[in-house]
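Please describe the strand arrangement, the nonpolar core and the charged side-chain pairs of the model shown here, with the criteria behind each term.

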Amino acid sequence: MTITMRSYGFTWTDPDGIPRASAAAYDGVSADRRREELEEAGATGIERVKVEPGELPTPRR
């Protein structure tokens with residue numbers, strides 16, 4: 001049996017209007033916490049995206 005861990009990154013817009021993307025990948029529980037941190041910081045357009053090992057999301061324009 002193979003267990004595959006899912007990894008997630010985020011794209012969002014910071015309060016200054018600058019598009020951003022995660023510089024780290026998160027497991028499911030950590031991704032939930034990171035979303036809360038982004039929301040508390042005033043980020044908008046937060047999108048959780050699946051990423052493959054060694055891959056990170058790119059900021060939206």
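Predicted model: local features only at pLDDT ≥ 70, side-chain atom pairs only at ≥ 80, totals over all residues.

Residues are numbered from 1 along each chain as its sequence is written, and side-chain values use heavy atoms, with hydrogens and water left out.

**Sheet**

Helices (H or I, at least four residues) and strands (E, at least two) are taken as DSSP runs and numbered from the N terminus. Three strands make an open sheet with the order S2-S1-S3 and antiparallel pairing, where two strands pair if DSSP finds at least two bridges between them. Strand S3 (44-51) and S2 are at the edges with a single partner strand each, so one side of each has no neighbour in the sheet. From one strand to the next the twist averages 20°, with axes being lines fitted to C-alpha atoms (for helices over the stretch in contact) and angles running from 0 to 180 degrees between N-to-C directions.

Between S1 and S3 the antiparallel pairing extends over six bridges, and Gly9 stands opposite Val49 in S3. Ser7 belongs to strand S1, which covers residues 7-13. With a relative accessible area of 18%, Ser7 is buried; buried means under 20%, exposed over 50% and partly exposed in between, for a 1.4 Å probe and protein chains only. Beyond its neighbours within four places in sequence, Ser7 is in contact (heavy atoms within 4.5 Å) with Ala25, Tyr26, Val49, Lys50 and Val51.

**Nonpolar core**

A nonpolar core is defined as a set of buried Ala, Val, Leu, Ile, Met, Phe, Trp, Tyr and Cys residues joined through side-chain atoms within 4.5 Å. The largest one has seven residues, namely Tyr8, Phe10, Trp12, Ala31, Leu38, Ala43 and Ile46. S1 and H1 each supply at least two residues of this core, and S1 gives the most, with three. Leaving out residues up to four places away in sequence, Leu38 touches Phe10, Trp12, Ala43 and Ile46. In soluble globular proteins, nonpolar side chains tend to be buried together.

**Salt bridges**

A search of the whole structure finds three salt bridges, each requiring a side-chain nitrogen of Lys or Arg within 4 Å of a carboxyl oxygen of Asp or Glu.

| Pair | Closest N to O distance |
|---|---|
| Arg20 and Asp14 | 3.0 Å |
| Arg48 and Asp32 | 2.8 Å |

The salt bridge between Arg48 and Asp32 links distant parts of the chain, with Arg48 in strand S3 and Asp32 in helix H1, 16 residues apart. Arg48 is partly exposed, having a relative accessible area of 30%, and Asp32 is partly exposed with 42%. Glu37 and Arg34 both lie in helix H1, three residues apart, which is about one turn of the helix; Glu37 is partly exposed at 43% relative accessibility.

**Loop residue**

Ala23 sits in the loop between strand S2 (19-21) and helix H1 (28-40). Ala23 counts as exposed, at 74% relative accessibility. The C-alpha atoms of Ala23 and Glu36 are separated by 17 Å, the two residues being 13 residues apart along the chain.
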